[in-house]
Amino acid sequence: MTAADKRALEGGQAERRRRMRLFGLSEPAILEDFLSGLGEIPTPVYLKDPSEGLVTLRGRMGGTGSLFNIGEVLVSRTVVEIEGRRGYGYTLAEVPGHSEAAALLDALAEHPLYRETIRRFTMELEDKLREKRKREAEETGETKVEFFTLKRGEDD
Amino acid sequence: MYVAVKGGARAIEAAHEKLSQKRRGNPRLPELEVGQIKEQLYLSVSRVMAEASLYAPRLAALAVKQAAGDLVEAVFLLRAARGTYPSFGYSEALDTSKTRLSRRISATWKDLPGGQILGPTFDYTHRLLDFDLEELKDRKVSAGNERKPAARIRAAGEESVKEDARPKKEPRPKKRLSPADALLLEDILEGEEDRGNIPGDISRETQSFPMERSRRLQTLARADEGFLLSLAYSTQRGFGSTHPFVNEMKIGMAEAEFTPGELGFPVVVGEIEITECETVNQFMGAGDGPKFTRGYSLLLGNNERKALSAAIVDRSLRADELGELKKGPAQDQEFVLAHGDSVEASGFVSHLKLPHYVDFQAELSLIRDLRKMRREKKEVPENENIPLASGKERPAERAFKKDEPERESLRGAE
């Protein structure tokens, strides 16, 4: 573990969680477009090539009770290093290249030359995600009903 | 007993070629795309994912295509694929109180806090064939332009975002009040506390009975929908009724969090669709008065009928725990849990189609011997319908002789 890596783990944990979540929840194509927009980036070393594996999902009985396993989800993982900065990509394995793009962005976010650009990009992603969720919630909201019972003519 | 046989490779190859032609259908019609199946047959995809126990919509859609729409076969394909991946570990518990809902209904509380959200549902439809669907409505819309269905986006990336969107904080998901909360406040519903047990995992342990609830719920989550539906129905018809009410049914997207070993803290890997159902059922008399009991299920994908069936069966299977009289198969753990997996069930039933020639030969010679013994004792056969073969060639033998090469291939198979 490099010194930078250690710092990242200790100091930037919350920030890393935040951006990894955004990379995982965003459209892979958006991440890839952004990466190609950066032009030439320092050559990454692949510590773990993109590969797929299972994460067993857990739920709670009744939503709040004891744990149980629901089933597996197919996840993709990539770990890279760019000039000593590690980047981790953990995403669903739906779209090839997703975890790789996420790992590259995660590494660049630790890199002094790119830190600021990536920070701005993650803010954009956050906005996009919020907008998308808002739109979906509105669409779903159109089907909200208020049931009412009919008075049946009986005396109260 | 099953004895392996050899031969028939050429015929098998030709049969597989035939299958791929048949699956393609009329070549003048366009071929189905996996993406179309994933988007437009999403309930097939959901069912296959739940029963294969693998959330991977693209692969599930591929399985549906490959299986030519045979969902049990598609489940088999996806379950087999699942076996080829390494395990990365276990997720954090899904917080289903934060599910981004596409549907949420309650049959017990009309004034549900947060409201009842119907979402895309077949409920209240007339079940009349809609001949409008025979026409392709959006034939002219280019692929990049169509409006994407909410919640299942796999896109080219163009998303219209309002320009004035200043960086606001993402709205913190509110803690929703659930119908169970209302009953819990009044202390008339059994509680559901985290007892801190490490859940069993049926993927790694041999099935044994009695099975504790964590493994039961996992088994139900991957069980065949038809099997669970029939069992649930059987309880309603009197084979061990549990008097269920649908307290809450939810479908939506939940963020899956997982702690990679190299990071040591949980990260969100993505959003998955889940269906969750809770029933409230008739009472258990505890020390502090009667309380409603609960049935529960949580499944991968959009599987409402199965979720309700599984919750009813979960409750039935608690018969021993709640000291109930067992009156039906749905209350019998081994009956339910050992027979619900469609991969196991169809495997064992379908293997009967494989050659059992040697097996059957043994039975044939046995029955002939039995009959010979009877004949020699000159007894009258009990069943007059079976003619006694008097030295003539038996019909079964004739059938065998027609297929001489097959018999050849059997030699030495024993």
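Predicted model: local features only at pLDDT ≥ 70, side-chain atom pairs only at ≥ 80, totals over all residues.
Residues are numbered from 1 along each chain as its sequence is written, with chains lettered from A and ligands numbered from 1 in the order in which they are written.

I listed the buried residues of that helix as B:L71, B:A74, B:V75, B:F76, B:L77, B:L78 and B:R79, taking buried as 20 or more other C-beta atoms within 10 Å of a residue's own, with C-beta atoms placed from the backbone. Helix 5 of chain B (residues 71-82) reaches 16 Å from first to last C-alpha over its twelve residues, close to the 16 Å expected at 1.5 Å a residue, the expected span being 1.5 Å times one less than the number of residues.

I then turned to chain A, where I noted five helices and four strands, read as DSSP runs (helices H or I, at least four residues; strands E, at least two) numbered from the N terminus. Their order from the N terminus is α-α-α-β-β-β-α-α-β.

I checked helix 4 of chain A (residues 98-108) and found eleven of its eleven residues buried, so this helix is largely enclosed by the rest of the structure. Its covering includes helix 2 (13-25), helix 3 (28-37) and helix 5 (115-141) of chain A, together with strand 1 (45-60), strand 2 (67-82) and strand 3 (85-92).

Definitions and conventions
Buried ≥ 20, exposed ≤ 12 C-beta atoms within 10 Å, placed from the backbone. Contact = placed C-beta atoms within 7 Å.
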